[in-house]
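Subject: The structure, with notes

Hi there,

Here is the structure I said I would send over. Have a look at it first, and then read on for what I found.

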Amino acid sequence: MLDTNNLSPELKSLLNRIVEFRDARDWAQFHSLKNLAPALSVEASELVEITQWKSEDELERAIEDEKFRSARASEVADVLIYLLLICVRTGLDPKSSAHIKIQLNEERYPAEKVRGSAAKYTELE
């Protein structure tokens, strides 16, 4: 189980609300890592789906459209919820994990070497 002591009050509150929702429906039994990881992938794919086949210009204009905003918000929420459920299930602190990953990426992608480049760190000299 995730130790929530180091989390912000806002994140802790959100996690508690997600877990309470899940537990009120007796859904924890379905929330194995084997089930949560694919569920996260499906929700991320649904987020991609709403942008599929649109040009960059269409997407930029759609950002302000309320219907598109609502669809994005719903899918982003689903992705976040499943991601946090994975953290709860596996005991990972999402905030700490993100800080560690950013530190690693700072080492892999020094700003002076990669500014303006989309090259992967393994391709850098």
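A residue is called buried when its relative accessible area is under 20%, exposed when that area is over 50%, and partly exposed in between. Please keep in mind that this is a predicted model.

Let me start with R22, which belongs to helix α1. Its relative accessible area is 12%, so R22 counts as buried. What does R22 touch, leaving aside its neighbours within four places in sequence? The contacts of R22 are W27, A28, H31, L85 and V88. In general, side chains of opposite charge can pair when their charged atoms come close. D23 has a relative accessible area of 40% and is therefore partly exposed, whereas R22 is buried. The salt bridge count for the model comes to 1.

Another residue of α1 to look at is L11. L11 touches L84 and P94, once residues up to four places away in sequence are set aside. L11 and K95 are 84 residues apart in sequence, yet their C-alpha atoms are 9.2 Å apart in space.

Next comes α2, which covers residues 33-49. With 17 residues at 1.5 Å a residue, α2 should span 24 Å, and its end C-alpha atoms are 24 Å apart, so the two values agree. Which residues of α2 are buried? They are L36, A39, L40 and E43. These four cover an arc of only 105 degrees around the axis, which means they sit on the same side of α2. Part of what covers the buried residues of α2 is α4. On the face turned away from that buried side, α2 carries the exposed residues K34, V48 and E49.

Most residues other than glycine have a negative phi. D26 is not a glycine, but its phi is positive, at about 55 degrees. You will find D26 in the loop between α1 (9-24) and α2, and its relative accessible area of 48% makes it partly exposed. W53 is the other one: its phi is about 70 degrees, again positive in a residue that is not a glycine. W53 sits in the loop between α2 and α3 (56-62). Is W53 buried or exposed? W53 has a relative accessible area of 78%, so it counts as exposed.

Finally, a look at the surface. L14, L80 and L83 form a nonpolar patch there, and together they have about 220 Å² of accessible area. One of them, L83, lies in helix α4, which runs over residues 66-90. L83 has a relative accessibility of 37%, so it counts as partly exposed.

Happy browsing, and write back whenever you like.

Best wishes

Terms used
Residues are numbered from 1 along each chain as its sequence is written. This is a predicted model: local features need pLDDT of at least 70, side-chain atom pairs count only at pLDDT 80 or more; totals for chains, interfaces and linings use all residues. Side-chain values use heavy atoms; hydrogens and water are left out. Patches are made of residues with over 30% relative accessible area and no salt bridge: like charges are joined within 9 Å, nonpolar side chains (Val, Leu, Ile, Met, Phe, Trp, Tyr) within 5 Å. Accessible areas come from the Shrake-Rupley method with a 1.4 Å probe; for residues, only the protein chains shown count as cover. A salt bridge is a side-chain nitrogen of Lys or Arg within 4 Å of a carboxyl oxygen of Asp or Glu. Helices (H or I, at least four residues) and strands (E, at least two) are DSSP runs, numbered from the N terminus. Buried means under 20% relative accessible area, exposed over 50%, partly exposed in between (1.4 Å probe, protein chains only). The expected span of a helix is 1.5 Å times one less than its number of residues. The arc is that of the directions from the helix axis to the C-beta atoms. Contact means heavy atoms within 4.5 Å.
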